[in-house]
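Hi,

Here is the structure I said I would pass on. Have a look at it first, and then read my notes below.

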Amino acid sequence: MITYLTPEKYQQLKEELDYLKKEKRRELSNKIQEAKELGDLSENAMYQEARNEQMAVETRILEIENLLKTVSIIKTKTNSNRVEIGSRIKVESLTPPKIKKEFLIIGAQEANPLEGKISNESPLGKAFLGHKKGDVIIVKTPKGEVKYKILEIS
């Protein structure tokens, strides 16, 4: 499965991975060593806490590494006449209330509908993909069908 990321999100994940591997691992190793020096590990809350945190960090490292193995960087689309991943579109709802909205079609990892960032895997994102300026798209929502007209693709 391909994971679509913007260049910014890709860089953010690379930086997080680097931090976890270089700094956080060293910090946790020191915490564990300090806790061991306190004696009996079976009743040592500091040791247990550090080990739990270490497991969480190692899990996150694996998650990021696996994610980065399947990444496709989203390139900003220009002069595209069809909606694709990376397209910024302006649409108008033809179903009352008639409002204009702007969406950026991105991968699921970065989707944030409140900011106008919609996933290519979401019903709304899927409905827009492949369409051209002027097309009218019908999207099924929990409140019923909504018609959108694509005003602009950039």
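Where is the place of E110? Look in the loop between β4 (100-106) and β5 (117-119). Before you go further, keep in mind that this is a predicted model.

I'd stay with E110 for a moment. E110 is buried, yet has no salt bridge. Which side chain of opposite charge is nearest to E110? That would be K117, but K117 is 5.6 Å away, and a salt bridge has to be within 4 Å. What the E110 side chain does reach is the backbone nitrogen of T6, at 2.6 Å. Setting aside residues up to four places away in sequence, E110 touches Y4, L5, T6, K9 and K117.

K117 turns up again in the strands. In β5, K117 is the bridge partner of L104. Strands β4 and β5 run parallel and are joined by 3 bridges. On to the other pairing of β4: with β3 (residues 88-93), β4 runs antiparallel, and 5 bridges join the two. How many residues lie between β3 and β4 in their hairpin? There are 6.

Next, strand β1, where you'll find T3. Is T3 buried or exposed? T3 counts as buried because its relative accessibility is 11%, and the cut-off for buried is under 20%. Leaving out neighbours within four places in sequence, T3 is in contact with L67, T70, V71, S72 and Q109. For a sense of distance, T3 and R88 are 85 residues apart in sequence, and their C-alpha atoms are 19 Å apart in space.

L67, one of the contacts of T3, belongs to the buried set in helix α2. What covers the buried residues of α2? The cover includes β1 (3-5), α1 (7-37) and β2 (71-73).

As for the helix itself, α2 covers residues 45-69, which makes 25 residues. From its first C-alpha to its last, α2 reaches 36 Å, close to the 36 Å expected at 1.5 Å a residue.

That's everything from my side. Over to you!

Notes. Residues are numbered from 1 along each chain as its sequence is written. This is a predicted model: local features need pLDDT of at least 70, side-chain atom pairs count only at pLDDT 80 or more; totals for chains, interfaces and linings use all residues. Side-chain values use heavy atoms; hydrogens and water are left out. Helices (H or I, at least four residues) and strands (E, at least two) are DSSP runs, numbered from the N terminus. Buried means under 20% relative accessible area, exposed over 50%, partly exposed in between (1.4 Å probe, protein chains only). Lys and Arg count as positive and Asp and Glu as negative; His and the chain ends are not counted. A polar contact is a pair of N or O atoms within 3.5 Å; within protein, one must be able to donate a hydrogen and the other to accept it, and residues adjacent in sequence count only if both atoms are side-chain atoms. Contact means heavy atoms within 4.5 Å. The expected span of a helix is 1.5 Å times one less than its number of residues. Two strands pair if DSSP finds at least two bridges between them.
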